[in-house]
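Look over the chain and its model before reading on. The report below takes up charged pairs, then the fold and its surface.

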Amino acid sequence: MQTNQYNTLEEIELRKDELRAQLSDNSDKVGTLWRGLWVPQQTESKGELIANLITNSITAIDAFLLVRKLMKTYGWIFGRSKRKSR
């Protein structure tokens with residue numbers, strides 16, 4: 001890890017301003033990428049439309065199975081009691 005030595009308050013303030021500018025730039029980049037995740041992508045052809053439909057369906061099924069497994073394992077957290085075996 002690199003450590004910088006600062007001798008004056010002006011050097012500290014300059015470094016602080018540099019870091020603030022970097023954080024602002026990174027925040028803008030992350031915000032742009034985050035918004036891009038939720039914008040529906042335009043499909044060029046029927047093949048892409050079908051591929052996107054299949055991908056979304058698989059994701060939905062996977063999420064359903066994950067929630068089902070978590071509820072079965074950790075359902076007691078949400079107030080569901082375990083089933084009694086016969």
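Glu 18 counts as partly exposed, at 44% relative accessibility. This is a reading from a predicted model. Glu 18 forms a salt bridge with Arg 15. The closest N and O atoms of that pair are 3.4 Å apart, inside the 4 Å cut-off for a salt bridge. Arg 15 is also partly exposed, with a relative accessibility of 27%.

Side chains of opposite charge can pair when their charged atoms come close.

How many salt bridges does a search of the whole structure find? The count is two. The other pairing joins Arg 20 to Asp 17, with closest N and O atoms 3.7 Å apart. Arg 20 and Asp 17 both lie in helix H1. They too are three residues apart, about one turn of the helix. Arg 20 is partly exposed at 49% relative accessibility. Asp 17 is partly exposed as well, at 44%.

The two pairs are set out here.

| Salt bridge | Closest N and O atoms | Relative accessibility |
|---|---|---|
| Arg 20 with Asp 17 | 3.7 Å | Arg 20 49%, Asp 17 44% |

Next, the overall fold. The protein has two helices and zero strands. Of its 86 residues, 2% count as buried. The accessible surface comes to about 9100 Å². Carbon and sulfur atoms account for 59% of that surface.

Which residues make the nonpolar surface patch? Leu 66, Leu 70, Tyr 74, Trp 76, Ile 77 and Phe 78 form it. The patch covers about 680 Å². One of its members, Leu 66, is placed in helix H2, which runs over residues 46–74.

Notes: Residues are numbered from 1 along each chain as its sequence is written. This is a predicted model: local features need pLDDT of at least 70, side-chain atom pairs count only at pLDDT 80 or more; totals for chains, interfaces and linings use all residues. Side-chain values use heavy atoms; hydrogens and water are left out. Patches are made of residues with over 30% relative accessible area and no salt bridge: like charges are joined within 9 Å, nonpolar side chains (Val, Leu, Ile, Met, Phe, Trp, Tyr) within 5 Å. Accessible areas come from the Shrake-Rupley method with a 1.4 Å probe; for residues, only the protein chains shown count as cover. A salt bridge is a side-chain nitrogen of Lys or Arg within 4 Å of a carboxyl oxygen of Asp or Glu. Helices (H or I, at least four residues) and strands (E, at least two) are DSSP runs, numbered from the N terminus. Buried means under 20% relative accessible area, exposed over 50%, partly exposed in between (1.4 Å probe, protein chains only).
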